[in-house]
Amino acid sequence: SWEAKGWPTLRVRVGLHTDRVLVGNVGCEDRVNYTALGDGVNLAARLEALGKVYGVTIMVSSAVVEHTEEDFVFNHLDAVVAKGKTSATEVYELVCPRSVVTPTQLALQQCYARAYELMHTTKDYAGLVEYLEGTAVPGVGPGSCSSGPSLGTVKTGRKLSVLVPGPATCSEAPGPTTLADVPALQVPLARARQAVAPPPQHHTAARMAWGEEGQASPSKGRFFVGPF
């Protein structure tokens, strides 16, 4: 295997979307490029970049889930408006094939579903903060290592740390013990905290989210992330 040969671990993010697009050789006689064009291609690229904000490796759209949910397990993350879009897109994390899913992963899937319900369906932001901060990660205790991209370590003590989760490595720090520590839930948790905070604190939190100099969040202006 790759690691058995002593080669460094290769980590990449992937964005998946299902749509009708134009694929083939595009150009003129002296300059031709085999490529894919269309709105679906652009959305897939946006999802790949957005995966960094949520700390997940593979982010997919609801269109992918509709076609594959019988064979794969997904965590419902959020509803986002990508650049160039006017409506929100439901986004998910691809966890694993259903044939190899563990009880812990299924339990965590229910936690994501509950968090999404509080954020978008009932809009109970105070309840979401209480739920994430008071609920233990299923099957994960203090000092345990990450069992997947959703259970990575959160970097602390740096600006925007609540929006930018650190890499999921076992050597840096103990694994998360509550849902509030799970990287993929940091974005909705930050928005919920802003929604329930008093005005002066809300202003400070909003300024942190968009930068001291008015700069965009880590998505660099390519996304406008909820709430919706």
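This report describes the secondary structure, strand pairs, helix packing and cores of a predicted model.

## Basis

In this predicted model, local features need pLDDT of at least 70 and side-chain atom pairs count only at pLDDT 80 or more, while totals for chains, interfaces and linings use all residues. Residues are numbered from 1 along each chain as its sequence is written, and side-chain values use heavy atoms, with hydrogens and water left out.

## Overall layout

The protein has six helices and seven strands. Helices (H or I, at least four residues) and strands (E, at least two) are DSSP runs, numbered from the N terminus. Their order from the N terminus is β-β-β-α-β-α-β-β-α-α-α-α-β.

Of the 228 residues, 37% are buried. Buried means under 20% relative accessible area, exposed means over 50%, and partly exposed lies in between, with a 1.4 Å probe and protein chains only. Contact means heavy atoms within 4.5 Å. Among contacts between residues at least 6 apart in sequence, 65% join residues at least 24 apart.

## Strand pairs

Two strands pair if DSSP finds at least two bridges between them. Strand 2 (residues 22-28) and strand 3 (residues 31-37) run antiparallel and are joined by seven bridges. Leu 22 has Leu 37 in strand 3 as its bridge partner. The hairpin between strand 2 and strand 3 passes through two residues.

Strand 5 also runs antiparallel to strand 6 (residues 89-97), with eight bridges between them. Ala 79 sits opposite Glu 90 of strand 6. Six residues lie between the strands of this hairpin, and Gly 84 takes a positive phi near 90 degrees. Strand 5 (residues 72-82) has ten of its eleven residues buried, so the rest of the structure largely encloses it.

## Helix packing

Two packed helices are described by the angle between their axes and the distance between the axes. For helix 3 and helix 4, the axes come within 8 Å and cross at roughly 155 degrees. Helix 3 is therefore roughly antiparallel to helix 4. Axes are lines fitted to C-alpha atoms, for helices over the stretch in contact, and angles run from 0 to 180 degrees between N-to-C directions. Angles under 35 degrees count as roughly parallel, over 145 as roughly antiparallel, 65 to 115 as roughly perpendicular and the rest as oblique.

The crossing of helix 3 and helix 4 is left-handed (the near helix is turned anticlockwise from the far one by less than a right angle; clockwise would be right-handed). On the helix 3 side, the meeting residues include Cys 111, Arg 114 and Leu 118. Helix 4 brings residues including Tyr 125, Leu 128 and Leu 132.

Helix 5 has eight of its eleven residues buried, so it is largely enclosed by the rest of the structure. Among the buried residues are Gln 186, Arg 191 and Gln 194.

## Nonpolar cores

A nonpolar core is a set of buried Ala, Val, Leu, Ile, Met, Phe, Trp, Tyr and Cys residues joined through side-chain atoms within 4.5 Å. The largest one has 31 residues, and Tyr 54, Met 59, Leu 132 and Leu 179 have the most contacts inside it. Two or more residues each come from helix 1 (39-54), strand 5, helix 3 (103-121), helix 4 (125-134) and helix 5 (186-196). Helix 3 gives the largest share, six residues.

A second, separate core has six residues, including Val 60, Val 64, Val 65 and Phe 74. Val 65 belongs to helix 2 (residues 62-68). Its relative accessible area is 8%, so Val 65 is buried. Beyond residues up to four places away in sequence, Val 65 touches Val 60, Phe 74 and Tyr 92. Val 65 and Tyr 92 are 27 residues apart along the chain, yet their C-alpha atoms are separated by 7.9 Å.
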